[in-house]
Amino acid sequence: MNYNSTRNSAIKVRSAEAIIKGLSDEGGLFVPESIPKFSASDMKYIGKMNYAERAQLVLKKFLTDFTDDELKSAAQAAYSDNFAVENATQLSQLYPDCYVLELFHGPTCAFKDMALQLLPHLMTISAKKTELAAGKQIAILTATSGDTGKAALEGFKDIENTSVTVFYPEDGVSEMQKRQMTTQEGANVRVCAVRGNFDDCQTGVKEIFTDVELIAQLSAKNMIFSSANSINWGRLVPQIIYYVSAYADLLEAGEIEQGESVNICVPTGNFGNILAAYYAREMGLPIGRLICASNANNVLTDCINTGVYDRNRELILTASPSMDILISSNFERLLYHLSDRDDSVINALFTDLKEKGKYTLPSGIKEKLSELFYGGWCDEAETERTIKKVFDEFGYLTDPHTAVAYKIYDDYKNATGDTSKTIITATASPYKFCAAVHKALGGTPETDEFATARKLEELTKTEMPAPLSRTESLPVRFTDSVEKSEMKRAVSDVASSL
């Protein structure tokens with residue numbers, strides 16, 4: 001299996017190089033040259049496998065330059081005992097046709113753990129397979145809208161021959177997310193706030209990755225850049241696993257029949273999570289409609305419904321910050337596939353996005369997009385009402401992102417009449433957003449995040465996860481804040497100090 005760049009199909013690299021590089025030299029994203037398929041025997045036996053074994057099955061189809069032993073050791077190290085539930089994820093049934101796939105039982109209480117507990121192992125193995133990384137230190141550079149940063153810091157902390165720098169929007173994450181990052185332990189980690197939004201952080205990181213001067217500076221220090229964002233294929237491919245695993249769990253539980261189609265509803269920001277569901281579908285997993293749920297930053301909803309992607313709008317700070325994004329990087333991968341891998345189309349679209357702030361999809365791509373995806377969005381008031389509705393009706397506590405997904409799933413059913421069984425991805429613990437959740441339930445949040453958490457515990461008879469509660473006693477280590485124009489200098493300063 002080789003990997004091409006979305007902006008230059010002539011480029012071909014093996015998976016180890018794609019994982020180490022993160023981003024192609026000309027700024028494109030790596031995608032597999034073909035999408036492998038599940039065999040009948042795969043689907044027959046996967047229900048009897050544990051999560052690590054399911055992971056190995058999926059990874060083997062994409063990472064063909066890894067040995068079976070390498071994939072087995074990586075999967076077992078990532079998923080054997082790093083999660084609070086037995087099989088890494090958990091399915092909760094709200095009512096007969098609606099299931100919540102809980103992806104927040106990892107060490108940072110967010111779905112990013114599902115990939116970032118595995119990525120360090122894949123990267124360590126990849127480094128040994130490529131001349132590009134031989135004997136070098138890997139400088140992980142990551143932009144976060146809240147959850148990726150902490151998950152990357154936790155996954156890579158004190159990993160040999162790596163350093164991790166995370167940029168986050170200073171006023172664009174929850175207090176608990178900020179607390180998680182700024183108290184992070186580890187000798188090889190750094191966290192820096194950016195006086196801007198997530199799109200500023202993400203754009204800055206992408207520009208740094210292609211900055212010739214800075215790359216040369218790192219090279220002189222025997223270092224190379226890589227990424228823990230979902231622009232890195234090694235971050236995206238593990239996300240396919242949990243959709244396959246969820247389907248297998250429903251089969252084993254007798255909730256669905258072999259071959260029965262299910263819909264997937266995902267709260268969507270950078271498009272990586274729902275793109276992984278698309279890849280699972282293309283591999284042959286019986287998935288019907290992909291329901292793309294957005295908050296008030298509804299650029300994806302508009303594109304799915306009109307064919308026009310337009311980021312020329314104000315970015316709105318919401319209670320679901322992981323969706324406060326106007327440039328959804330992984331959407332480029334999807335468009336590459338829907339264009340039949342035509343890099344000239346992708347270059348034209350993203351040149352328009354850079355120069356004009358928008359692009360219009362060719363009619364053929366728009367038709368394929370609308371056939372596969374349903375797009376919807378809800379505002380802050382609707383999100384609040386949904387948190388309360390789900391808790392009142394089902395006794396189930398959701399974070400704001402998952403509430404957005406549930407609301408759009410409800411809208412989808414009402415609009416289409418489709419009552420197919422549906423999996424809603426729950427992307428974070430509600431305790432990462434204590435103030436918003438407590439307020440939605442009628443409470444009055446305290447100024448202190450942990451005092452609010454204790455009130456939420458009392459109100460809902462639930463318990464704050466241990467990885468979050470322990471941050472209350474940890475000292476704040478990182479207080480740096482820079483303008484978005486200073487991100488390059490911040491990375492350069494780190495390199496100079498080594």
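Colleague: Which residues does L63 contact, leaving aside neighbours within four places in sequence?

Modeller: L63 is in contact with Y3, S15, I19, L71, L122 and W233. Contact means heavy atoms within 4.5 Å.

Colleague: What are the ground rules here?

Modeller: This is a predicted model; local features need pLDDT of at least 70, side-chain atom pairs count only at pLDDT 80 or more, and totals for chains, interfaces and linings use all residues. Residues are numbered from 1 along each chain as its sequence is written, and side-chain values use heavy atoms, with hydrogens and water left out.

Colleague: Back to L63. Which residues touch the most other members of the largest nonpolar core?

Modeller: L63, Y79, I240, F331 and F373, out of 113 residues. A nonpolar core is a set of buried Ala, Val, Leu, Ile, Met, Phe, Trp, Tyr and Cys residues joined through side-chain atoms within 4.5 Å. Buried means under 20% relative accessible area (1.4 Å probe, protein chains only).

Colleague: Which helix gives this core its largest share?

Modeller: Helix α11 (residues 233–252), with 13 residues. Helices are DSSP runs of H or I, at least four residues; strands are runs of E, at least two. Both are numbered from the N terminus.

Colleague: New topic. What is the strand order in the open sheet?

Modeller: β9-β6-β7-β8-β16, with parallel pairing. Two strands pair if DSSP finds at least two bridges between them.

Colleague: Which are the edge strands?

Modeller: β9 (223–226) and β16 (481–483), each pairing on one side only.

Colleague: How many bridges join β6 to β7?

Modeller: Six, between residues 137–143 and 162–169.

Technical notes
Buried means under 20% relative accessible area, exposed over 50%, partly exposed in between (1.4 Å probe, protein chains only).
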